[in-house]
Amino acid sequence: MKLSSLPRAELRRRLRQEGLGLNIGPFTIRLNSPLTVVAEGLEQLYGAFTLTSDTDFIDFRVALNAPPGLRRWFRPQVIFSFDGFIPFKPLPQIQAFAMFEWGLNWVIANNAHQYLIIHAAVIERNGVVCILPGTPGSGKSTLCAALVCKGWRLLSDEMALISTATGDIYPVPRPVSLKNQSIEIIQNYSSDAVMGEVVMDTAKGIVSHMRPPQMSVEQSAQQGAPGLIVFPKYTAGEEPCLVSLTRASALLKVAENSFNYSVLGLQGFDVLGDLISKCDCYEFSYQSLDAAKETLEALI
Amino acid sequence: MPPESILLQFLSGSVEIELIDDPATCELLLRQARSANLLSRVAVLCAEKNLTPRLPQRMQNHLQSAQAVAMANHRSVKWETKQLERALAIGKIPFCLLKGGAYVVGRSVAAKGRVFSDVDILVPKERLDETERLLIESGWMCTNFDPYDQRYYRSWMHELPPLQHLKRGTTLDVHHAIIPPTARIKSDIDKFWECAHKVAKRELLYVPGDQDLILHSAVHLFCDGELENGLRDLSDLDLLLRDSSVSDDFWSGLLARAVVLNLQRPLFYALRYCHVLLQTPVPVQVLDVATQGSPGKWSVKWMDFLFCRALAPDHISCNDRWTGLARWILFVRSHWLRMPPLQLAQHLARKGYKRWKKRKASV
């Protein structure tokens, strides 16, 4: 059963009481929150996700609550907790939904070392998975959002989960996080893009999340085979420029962008080496999204 | 009594089949173990019992993930040890690993799935200043420059203020004794050094003697008051005791050693709570002899009330309405044991005032 077929009142009741169970990529989560911002964010962006059944094993239990005390009324705040553990300082309550996304990123990056996890957007076309590792400001999420609006499959806008057992990539399609001007750029680029609430003044500037394509969510269970690694860089006023990278330097660059390369030790090196050997690797600077799309589609 | 904990039952060796048959039980074990920092130990124990492949796939994933973290911890501590040896080689200062680091480098049974966030070492007191200077020269820096905290550590505590490595970010606690000099119990640190083993093929690196490993673990758990990892440390003791108890003269040796180091009280608590909470097979006669270290019948009842709560996993499913209070009282107790009353009053007043000032500044 999908979240979108859950009546409004029932969704809110579950969030308040036993928790709302969701299948998110390979993970099962249960979310508790009495906050309206969270319920509305889920309705806008998580409609295509399936619910867990009562007997399912839950990987991660998370909650978003208002801290106790006077702050309930005066500049209200929100606290993210992971099964009772509070990893971050509270944020203004208006950022509660964004905090759910950030909190879940943190939980996965710290508790799923059965994967080599790379900080990257991951998309697929014609059965070839393309990994876009990104330092902040590289424009990976913008490029990713644009491509998935034009038919590419979204595997993740934040992390590539590479199975340490098989080397396959596990999809975790979730809302795509867009910042500042990117929000308007994507809205203008595609009429298919559905945005959640726009939140001002976060630590990352203005933030909004784009709903993941329904097809991508429905295909969450299908692992992908890696074939392409592209390091994107948004560069104003330039024609798209693709520069081939040697495998050795690509390996070092991907390792730098990994959340848990050092946790996995030798195994991490082996998995990464195996990944790189299956991929063509490039650095890519672009300005226009259309031209970028053409260049990348020509590679596949 | 607080609610029964599936994690305590698992560590005692009394649940196995339930985990295979019931995913809900398995999930509860995951949650309790994760919050007690014991998930990687559960992973190792499941693997040893050949239980892992029969568990739900999701549980297997979590166990695999936790084991990776423990292995990374172990690599890191071995590397840090090498760096320390290099730093201290200039002054030829011997150093002894304590707790987690000692379990890993000394290949103790308590290394199984042990995770830790800092490295603890012991150096001879007369070499303390020189140690600090050499460590600073090699990149370990003090992170807390508050003058009161500096004085607190340097004149009253058994360790320097924590050091952090500039590049690697690892935390190092440098001890010169196993108990603060201001504490009521006194233990002769020279006797501790006498029984330390030098690690094979290493110049300056020592680990505590086998009995002292247990006794220090007991002191740390029952006198230091940092109970966030209380159950993890109790499980260390349980593994150490189970492992050593196979040799005949182990128990008499341990009891005698506690007398030499004047640590009968912490040993009494260690044996009692290992036995009560984790079913550690401590012979009845040994428990009897250990009561020489008991604080008295009524005090023990009171301590049972506190420790049976505070040593349970720090998870919502294990708390009763007294748990929070019990942890707080034990925290206060650890300070009480550490300093004479007047000094404690000063310390608390000082800390309280600073907290109040900080809060005022942030509003």
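**Where the chains meet, and beyond**

Modeller: Together, chain B and chain A bury about 1,600 Å² between them, with 46% of it on carbon and sulfur atoms. Buried area here is the accessible area (1.4 Å probe) that two parts lose on being put together, summed over both. On the chain B side, B:E27, B:R34 and B:R58 supply 36% of the area that chain B buries against chain A, more than any other three residues. The contact, meaning heavy atoms within 4.5 Å, brings 18 residues of chain B up against 21 residues of chain A.

A word on ground rules before we move on. This is a predicted model, in which local features need pLDDT of at least 70 and side-chain atom pairs count only at pLDDT 80 or more, while totals for chains, interfaces and linings use all residues. Residues are numbered from 1 along each chain as its sequence is written, chains are lettered from A and ligands numbered from 1 in the order in which they are written, and side-chain values use heavy atoms, with hydrogens and water left out.

Helices (H or I, at least four residues) and strands (E, at least two) are DSSP runs, numbered from the N terminus. With a relative accessible area of 17%, B:T25 is buried; that word means under 20% relative accessible area, exposed means over 50%, and partly exposed is in between (1.4 Å probe, protein chains only). The side chain of B:T25 makes a polar contact of 2.5 Å with that of B:D22. Such a contact is a pair of N or O atoms within 3.5 Å; within protein, one must be able to donate a hydrogen and the other to accept it, and residues adjacent in sequence count only if both atoms are side-chain atoms. Beyond its neighbours within four places in sequence, B:T25 touches B:I6, B:E18 and B:L19.

Next, turn to a helix pair in chain B. The axes of α10 (residues 210–223) and α13 (residues 264–278) of chain B come within 8 Å and cross at roughly 85°. Axes are lines fitted to C-alpha atoms, for helices over the stretch in contact, and angles run from 0 to 180 degrees between N-to-C directions. α10(B) and α13(B) are therefore roughly perpendicular (65 to 115 degrees; under 35 is roughly parallel, over 145 roughly antiparallel, and the rest oblique). Among the residues that meet are B:L215 and B:F222 of α10(B), and B:P266 and B:Y273 of α13(B). The residues of this contact divide into 10 nonpolar, no polar and no charged. Ala, Val, Leu, Ile, Met, Phe, Trp, Tyr, Cys and Pro count as nonpolar, Asp, Glu, Lys and Arg as charged, and the others, Gly among them, as polar.

B:H347 lies in helix α17 (residues 341–362) and is buried at 3% relative accessibility. Its contacts beyond four places in sequence include B:W156 and B:H335. B:P181 sits in the loop between β5 (171–175) and α9 (189–194) and is partly exposed at 42%. Among the contacts of B:P181, again beyond four places in sequence, are B:W156 and B:K186.
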